[in-house]
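Student: I am new to this structure and would like to be guided through it. May we look at it together, beginning with the terms that are needed?

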Amino acid sequence: FYNVLAPNNDCKNDYWKIPILDFWPDNLVTIINRWGVVVWKTEDYNNSTNRFIGENINGDKLGD
């Protein structure tokens, strides 16, 4: 998976695209920071309406 995310609405790397999700539509995605803290998680990630766009669980933008 890609490790670069630039959610600035320029249509380039604005969200985390997981290319193999067609094989696993029932999934759980958890994003953990370097200190082991869960910053975002969801069920049924789908690259269109339910995707990671650089915000934490509360909807706040994550830092650089």
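Tutor: A residue counts as buried under 20% relative accessible area, as exposed over 50%, and as partly exposed in between. Please keep in mind that the model is predicted.

Student: With a relative accessible area of 36%, in which class does Val38 fall?

Tutor: Val38 has its place in strand 2. The limits are under 20% for buried and over 50% for exposed. Because its relative accessible area is 36%, Val38 is partly exposed.

Student: What separates the C-alpha atoms of Val38 and Ile57?

Tutor: Leaving aside neighbours within four places in sequence, Val38 is in contact with Thr30, Ile31, Ile32 and Ile57. Val38 and Ile57 are 19 residues apart along the chain, and the separation of their C-alpha atoms is 8.5 Å.

Student: Is Thr42 buried or exposed?

Tutor: Thr42 is found in strand 2, which covers residues 38–43. The limit for a buried residue is under 20% relative accessible area. Thr42 has 13% relative accessibility, and therefore Thr42 counts as buried.

Student: With which side chain does the side chain of Thr42 make a polar contact?

Tutor: Not counting residues up to four places away in sequence, Thr42 touches Asn27, Leu28, Val29 and Asn50. At 3.0 Å, the polar contact of the Thr42 side chain is with the side chain of Asn50.

Student: The backbone oxygen of which residue lies 2.7 Å from a polar atom of the side chain of Asn47?

Tutor: Asn47 lies in the segment after strand 2, and its 15% relative accessibility is why Asn47 counts as buried. Leaving aside neighbours within four places in sequence, Asn47 is in contact with Tyr15, Trp16, Lys17, Ile18 and Leu21. The backbone oxygen at 2.7 Å from a polar atom of the Asn47 side chain belongs to Ile18.

Student: Turning to the whole chain, what is its radius of gyration?

Tutor: The chain has zero helices and two strands, and its C-alpha trace spans about 30 × 30 × 20 Å along the principal axes. A compact globule with 64 residues would have a radius of gyration near 11 Å, which agrees with the value for the chain, 12 Å.

Definitions and conventions:
Residues numbered from 1 in each chain as written. Predicted model: local features only at pLDDT ≥ 70, side-chain atom pairs only at ≥ 80, totals over all residues. Heavy atoms only, no water. Helix = DSSP H or I, 4+ residues; strand = E, 2+ residues; numbered from the N terminus. Rg over C-alpha atoms; globule rule 2.2 N^0.38 Å. Buried < 20%, exposed > 50% of the residue type's maximum accessible area, 1.4 Å probe, protein only. Polar contact = N/O pair within 3.5 Å; in protein donor to acceptor, adjacent residues only side chain to side chain. Contact = heavy atoms within 4.5 Å.
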